[in-house]
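Please prepare a short briefing on the structure shown below.

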There are 2 protein chains.
Amino acid sequence: MTPDLTRNQSLVMKTLSGAEAPLSAYTILDRLRDDGLRAPLQVYRALDKLLDMGLVHRLESLNAFVACAHPHTHEQELIAFAICENCGKVEEFSDEVVKERLDGWAKSHRFRAAKTTIEIRGDCGGCEAKG
Amino acid sequence: MTPDLTRNQSLVMKTLSGAEAPLSAYTILDRLRDDGLRAPLQVYRALDKLLDMGLVHRLESLNAFVACAHPHTHEQELIAFAICENCGKVEEFSDEVVKERLDGWAKSHRFRAAKTTIEIRGDCGGCEAKG
DNA sequence: AAGGATATGTAATGTCATAACATATTGGCC
DNA sequence: GGCCAATATGTTATGACATTACATATCCTT
């Protein structure tokens with residue numbers, strides 16, 4: 001069912017999975033130089049497929065990518081991200097009520113939603129405790 | 001109360017207000033060449049101020065900017081955008097329940113939200129009717 | 001008039017993403 | 001096995017978005 005990953009896809013996935021925070025495509029590339037990757041497109045192509053498979057998310061407000069925290073569990077869900085501007089960590093969550101409300105708006109306005117982005121920028125509790 | 005706009009800010013604001021759809025900073029620049037603007041920074045600096053004043057919004061998923069549809073009316077609101085990928089037009093709306101739910105999540109996770117982005121990409125009714 | 005804050009002008013550079021083209025690998029299907 | 005289509009890969013160049021750094025000008029307050 002889940003297709004196997006190709007070499008480049010595996011490398012990119014592994015890099016993202018091991019990262020503490022979102023990475024830009026160029027940062028991923030830098031970390032994979034030793035594995036033979038040389039051009040941005042090698043990373044972007046792998047990311048495209050991983051996004052399609054739902055294994056990776058793109059954070060629009062950051063122009064960066066994260067490994068999905070709950071692969072396969074949200075086929076139908078609307079995912080929101082809380083991004084700490086201090087430590088860079090990202091929390092992934094979903095809220096059925098939010099989804100219902102946005103779906104309701106779309107329906108009443110005859111808007112056919114293809115993809116919805118919800119990103120909250122701020123400071124996570126951990127950072128505040130330290131600061 | 002509302003500070004007057006400087007020359008560059010006015011030019012940028014006027015360009016965005018007259019546009020049917022979001023514009024990138026470089027598109028704005030191109031449209032203002034005849035008014036003497038020459039460098040991206042002149043546009044970005046004006047945009048920064050206009051964003052601060054709440055007269056303009058940035059669409060993260062588009063790397064583009066729109067004039068605010070309801071200036072001064074949403075000091076406290078959470079604004080969502082529905083972006084038509086067909087005609088490019090953007091609808092701006094807010095939903096108190098969505099705001100409450102996201103605020104609730106943030107509170108329960110000790111996350112201090114600074115800015116929240118909600119962007120729905122899809123097709124607006126008008127486009128579907130034509131297609 | 002002096003001085004600080006804000007706005008402006010300009011060049012250079014940094015960051016993110018894709019187009020275009022060539023080559024290689026994979027996987028059915030006869 | 002051999003063929004062909006689909007998919008993946010490699011590489012160069014270019015396009016699109018945004019900021020750093022520095023110089024100059026304007027505005028406001030005293």
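In chain A of this predicted model, residues 24 or more positions apart account for 50% of the contacts with a separation of 6 or more, a contact being heavy atoms within 4.5 Å. Residues are numbered from 1 along each chain as its sequence is written, while chains are lettered from A and ligands numbered from 1 in the order in which they are written. Local features need pLDDT of at least 70 and side-chain atom pairs count only at pLDDT 80 or more, whereas totals for chains, interfaces and linings use all residues; side-chain values use heavy atoms, with hydrogens and water left out.

**Chain A as a whole**

- Chain A contains five helices and five strands, where helices (H or I, at least four residues) and strands (E, at least two) are DSSP runs numbered from the N terminus.
- From the N terminus on, these elements follow the order α-α-α-β-β-β-β-α-β-α.
- Along the principal axes, the C-alpha atoms of chain A fill a box of roughly 50 × 45 × 25 Å.
- Of the 131 residues of chain A, 42% count as buried; buried means under 20% relative accessible area, exposed over 50%, and partly exposed in between (1.4 Å probe, protein chains only).

**Helix H4 of chain A**

- Helix H4 (residues 96-108) of chain A has 13 residues and should span 18 Å at 1.5 Å a residue, which agrees with the 18 Å between its end C-alpha atoms; the expected span is 1.5 Å times one less than the number of residues.
- The buried residues of H4(A) are A:Val98, A:Lys99, A:Leu102, A:Trp105 and A:Ala106.
- Seen down the helix axis, the buried residues of H4(A) fall within an arc of 130 degrees, so they line one face of the helix; the arc is that of the directions from the axis to the C-beta atoms.
- A:Lys107 and A:Ser108 are exposed on the other side of H4(A).
- The packing partners of the buried residues of H4(A) are strand E5 (112-123) of chain A and, in chain B, strand E3 (79-84), strand E4 (90-94), helix H4 (96-108) and strand E5 (112-123).
- At the start of H4(A), a side-chain oxygen of A:Asp95 reaches to within 2.8 Å of the backbone nitrogen of A:Val97.
- A:Arg110, which follows H4(A), has a positive phi near 55 degrees.

**Surface near DNA strand C**

- DNA strand C is surrounded by 16 residues, the closest being A:Tyr26, A:Arg58, B:Thr6, B:Gln42 and B:Arg45; a residue is near a strand if one of its heavy atoms lies within 4 Å of it.
- Sugar and phosphate make up 45% of the atoms of DNA strand C that come within 4 Å of the protein.
- An N or O atom in the side chain of A:Tyr26 is 2.7 Å from a base nitrogen of DNA strand C.
- For B:Gln42, an N or O atom of the side chain is 2.4 Å from a phosphate oxygen of DNA strand C.
- H3(B) contributes the largest share of this surface, four residues.

**Surface near DNA strand D**

- DNA strand D is surrounded by 15 residues, of which the closest are A:Thr6, A:Gln42, A:Arg45, B:Tyr26 and B:Arg58.
- A polar side-chain atom of A:Thr6 lies 2.9 Å from a phosphate oxygen of DNA strand D.
- The side chain of A:Arg45 has an N or O atom 2.4 Å from a base nitrogen of DNA strand D.
- H3(A) gives the most to the surface near DNA strand D, with four residues.

Notes:
Polar contact = N/O pair within 3.5 Å; in protein donor to acceptor, adjacent residues only side chain to side chain.
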